[in-house]
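Please find below my notes on the model, as numbered points. They go from a helix to the whole chain, then to a sheet and a single loop residue.

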Amino acid sequence: MRAWIGRFSVVLCGLPVAWADVNGLAGPYTIGAFIRAPNLSDLVKRTLAVSDPKSELYGSYYSQAELAKAIGVTQDDVDEASSWLRESIRKLNATDVPHHVASHSDVVSITLPDFQTTYMLGAGLAGVAVKNAAAPDLPQAPATLELLVTPPTPPHYCEGFNYEELCNSKSPCKWKVPQEKQHKYYRGEQAQSDSNSTDDASDGGHCTGDFDGWVCWPEAAVDGQVPRWHCFEPRQVAGVNQSSVERRAAIWRERRRGKRVDLSSAAAQHKRRADGRPTPMAQTYGDLGFRVSPQSRGLAFTFDTMAAGHHNKTKPWKTVEVTYRQLGVYFTRVLPRAAFNASVPKSPFLTAHVGGLTNLEPVDMIAVCVNEPDTVVDVMLSAATFAALGQPGCDCNEETGVDKRLGRDCDVLRGIAPAQDPIDFVLPRGQQTLNALLKDVNIPGGRFQDSGGVRLAVGEFAFQTFLQDDVDIIRQAYGLEKLANDVTVVGRKAQPGEETNFSTSGEGSLDLQIASILSPKSDLTWWAVSPYDMDGFMLAYAVQVNDAEDPPTVHSISWGAAEALYPPAFVTRMDYELMKLALRGITVIVASGDNGISAVNPGCNFLSDLAGSSPWVTAVGASMPSLASAPYCVEPVKEQLGACEEPGPITCATTSGAAVTSAGYWSVYRAEPAWQRTEVRHYLETSDCAPCNLTGASRIPTALKMPCQHINGKKGCDLATLLGKTRAAPDVAVPGSSFPTFVNKTLGILDGTSASAPVFAAVTALLNAEQRLRGQPPLGFLNPWMYTAYREHPGAFADVSVGDIGSTEAHQCDKGFKAAQGWDPATGVGVPRFLALRRLLPTAGGSPVLGLAEDDMRLPSERTEQLPAAPVAPAAVSLAAGAEAPTGLGAPALLAAGAVLLFAVAGRAWTARASARAPGLLLDAG
């Protein structure tokens with residue numbers, strides 16, 4: 001995680017503080033002490049009632065004051081908790097710091113400038129010895145406290161202590177000596193010069209260690225005894241299959257859910273190849289400098305002149321012969337050098353397009369043979385001959401890189417996902433355009449996109465940033481007016497001069513931009529939680545939103561963490577905070593995850609998501625985008641729609657041409673909610689893959705385990721004991737592949753349920769706008785209404801019955817779940833259809849909902865207003881410096897549907913032109 005330099009004003013738990021970072025030492029650090037709610041059972045009943053469209057209490061949400069009263073925490077409880085927390089801090093560092101009481105009086109927090117005190121607090125509460133000393137002696141914790149959460153160390157925290165004595169005095173740091181020098185210390189033979197040196201390099205030692213914060217909870221009191229407190233660091237999921245999930249994997253503590261179609265820059269790939277190390281995505285560029293990318297109904301072949309130079313393949317070539325196979329038939333095309341063009345002068349990336357293929361079908365045996373100018377064989381005639389014979393014209397030996405037929409230099413090219421087990425292409429349905437997306441979720445545009453007065457927030461973590469200019473640019477590219485108000489910021493955003501790229505800003509930019517274009521008149525809020533505010537994730541987020549007097553009514557979360565990391569006490573409290581949001585009429589929408597059965601980890605283990613498994617959120621999976629020109633083929637309205645060009649929506653998966661796989665799972669903690677019981681059990685009773693061995697299609701539910709270290713240690717829990725017994729996710733699915741996103745004026749294409757969550761959040765905001773026009777309350781917690789609507793009007797959701805989630809970002813798995821008719825763990829109850837749900841909107845007081853009209857079951861054949869297709873898709877990826885920013889981005893037509901990100905240079909989007917030409921022996925670049 002990169003370090004932030006400077007100081008930024010934010011608000012944490014109502015207190016104005018500052019984030020500072022010097023040499024990796026960041027802060028401040030917020031501790032949360034959570035008071036038990038006396039009236040929890042009544043609050044649960046009330047939440048279900050105000051969320052049930054058939055209840056007389058539906059829509060009767062609490063105000064802040066009403067909720068505080070209903071919770072029932074007394075002032076004595078608050079005073080006792082506050083006094084204990086402040087007294088404990090005084091005993092640890094002899095300072096008195098102010099505390100903050102949350103609006104509902106059930107959370108007390110203290111913000112400190114140093115990490116060390118927060119660590120000592122947890123150690124003292126649990127009686128953990130620290131640095132060979134007794135545990136800090138703290139006052140007895142009040143009986144009303146049920147949880148204490150402390151923040152993690154910042155990156156490189158321990159590395160800042162250069163002396164062995166200083167390092168060893170700081171928990172959780174320890175002095176580490178290289179193995180080859182350890183004998184000096186053990187024998188006491190270290191030279192005097194070394195012992196007097198203050199430079200750790202002189203003795204080879206260095207300070208190391210990090211810590212993911214304490215989660216502390218009391219055990220149940222027995223016979224009036226003082227309960228013992230337990231403190232746990234949620235760092236790893238204790239393995240089944242000898243595996244573990246690091247909480248700090250790659251990007252701090254939570255896993256974001258967006259994935260760039262091209263994960264690494266061309267320049268970075270060149271360096272790795274030059275160093276002899278493998279690229280992270282197999283066959284991204286071959287030795288000859290060619291790459292192939294899938295497009296709707298075709299392939300794009302890109303020649304990287306820089307890559308060719310790195311491999312000394314600099315001989316001039318006149319033509320290339322490309323061979324590929326689909327549906328058992330070999331195709332061979334000869335492409336002249338002139339067919340490869342760059343859309344921007346001096347671009348090193350030259351692209352040609354081949355069309356005439358069938359979408360949703362695999363393409364394999366892709367090879368490229370280079371024909372040099374002095375080649376005497378008439379390769380064009382030869383290609384035609386071999387094509388007629390049904391044989392590959394370019395028959396490449398992958399090991400030698402030599403064509404078996406004519407001895408030419410050649411490359412074998414493959415797909416880019418899954419990353420570690422690459423497969424051959426499955427042609428995508430198409431790149432996401434605004435018209436296609438509106439059609440996918442059944443929004444006719446025009447006045448139906450008028451969400452004025454509705455506020456929508458995206459929750460961000462791990463120091464993500466965004467630029468307002470990028471939001472403005474994508475709206476301009478889609479032909480939308482500039483936002484009436486800039487994005488409201490709670491927390492932080494990128495500062496002038498700060499580095500902004502797809503790593504630091506890709507996730508947040510994706511979330512904001514999707515919400516902005518689908519719900520163009522909503523007031524947007526960027527709600528950023530510091531990694532050092534309690535858990536730095538959903539608990540801290542829910543506490544902050546609950547503490548706000550008038551927060552947005554819809555929240556989109558595109559981040560996740562493994563549920564099994566956290567003890568039940570933490571999960572229960574997080575769910576309580578999310579339930580309070582539902583009591584206030586606030587909707588929380590969470591991306592289900594990008595790794596199929598594994599949710600947050602690219603391994604092939606069954607693993608559920610912390611937030612997506614909550615019974616108080618709506619979990620959203622991903623489908624593949626449809627072609628803008630093709631209607632759905634979905635029962636029971638297939639006859640109404642007529643002939644279909646392609647089958648209806650399919651599951652988003654790496655085996656279907658995406659960079660991610662929609663995640664589905666069952667919780668290890670949360671009981672099955674009544675509102676989904678009928679649908680989930682129907683799937684379990686009727687599906688032949690719940691789950692199954694995908695290679696043999698045999699049903700194997702009894703032999704599988706899920707991590708559940710706080711229940712059954714490293715043995716795990718039988719998956720079969722969870723199916724039909726615990727909360728299942730996702731609830732719905734919307735398109736989650738091929739979303740154009742601008743970051744610092746550079747266009748990228750991103751995949752993931754990261755995109756799906758803000759899509760459905762925007763749909764919800766539009767529905768809330770309809771509610772507002774009708775004088776009705778916001779939808780709040782969606783699931784009871786949504787499952788009721790599905791049960792009574794299944795046509796309000798486009799069923800997704802094609803595909804499976806037996807793959808991850810990195811691997812093809814041998815087990816998983818298949819999509820099926822009705823609810824399934826791949827895509828929930830299907831893709832919500834806005835016009836139909838609009839007719840089914842509930843009313844306060846439990847009045848009957850309207851029925852569906854015939855027109856609500858159709859996708860509009862014409863838009864009420866014409867919208868530009870999408871920003872131009874880039875043709876290749878490079879991070880070469882020095883390119884100028886684009887001028888007049890405008891709203892040109894999108895490259896052929898299905899284009900992936902191949903090229904983008906700092907501030908400039910480079911494009912390739914598509915060709916719709918029918919297949920032939922020669923193909924121009926169009």
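Contact here means heavy atoms within 4.5 Å. The model is a predicted one.

1. Helix H3 and its cover. What covers the buried residues of helix H3? The cover includes strands E4 (29-35), E5 (99-101), E6 (107-112) and E7 (145-149), together with helix H4 (115-126).

2. Length of H3. Helix H3 takes in residues 75-93, and at 1.5 Å a residue its 19 residues should span 27 Å. The C-alpha atoms at its ends are 27 Å apart, which agrees.

3. Faces of H3. Buried in H3 are Asp77, Val78, Ala81, Ser82, Trp84, Leu85, Ser88 and Ile89. Viewed down the helix axis, these buried residues fall within an arc of 160°, so they line one face of H3. An α-helix has 3.6 residues a turn, so residues three or four places apart point the same way. Gln75 and Asp76, on the other side of H3, are exposed. Just after the helix, Ala94 has a positive phi of about 60°.

4. The protein overall. The secondary structure comes to 22 helices and 44 strands. The protein has 926 residues, of which 60% count as buried. Taking contacts between residues at least 6 apart in sequence, 77% join residues at least 24 apart. The accessible surface is about 33,500 Å², and carbon and sulfur atoms account for 51% of that surface.

5. A three-stranded sheet. Strands E14, E15 and E18 form an open sheet in the order E14-E15-E18, with antiparallel pairing. E14 (290-295) and E18 (349-355) are the edge strands; each has a single partner strand, so one side of each is left without a neighbour in the sheet. From one strand to the next, the twist averages 25°. Strand E15 (residues 298-304) is joined to E18 by seven bridges, and the two run antiparallel. Opposite Gly298 stands Gly355 in E18.

6. Phe817. Is Phe817 buried or exposed? With a relative accessible area of 1%, Phe817 is buried, because the cut-off for buried is under 20%. Phe817 lies in the loop between strands E41 (815-816) and E42 (831-832).

7. Contacts of Phe817. Leaving aside residues up to four places away in sequence, Phe817 touches Ile597, Phe606, Trp666, Tyr683, Cys689, Ala690, Pro691, Leu719, Asp804, Ile805 and Pro825. One of these, Cys689, is 128 residues from Phe817 in sequence, while the C-alpha atoms of the two are 5.7 Å apart in space.

Conventions
Residues are numbered from 1 along each chain as its sequence is written. This is a predicted model: local features need pLDDT of at least 70, side-chain atom pairs count only at pLDDT 80 or more; totals for chains, interfaces and linings use all residues. Side-chain values use heavy atoms; hydrogens and water are left out. Helices (H or I, at least four residues) and strands (E, at least two) are DSSP runs, numbered from the N terminus. The expected span of a helix is 1.5 Å times one less than its number of residues. Buried means under 20% relative accessible area, exposed over 50%, partly exposed in between (1.4 Å probe, protein chains only). The arc is that of the directions from the helix axis to the C-beta atoms. Accessible areas come from the Shrake-Rupley method with a 1.4 Å probe; for residues, only the protein chains shown count as cover. Two strands pair if DSSP finds at least two bridges between them. Axes are lines fitted to C-alpha atoms, for helices over the stretch in contact, and angles run from 0 to 180 degrees between N-to-C directions.
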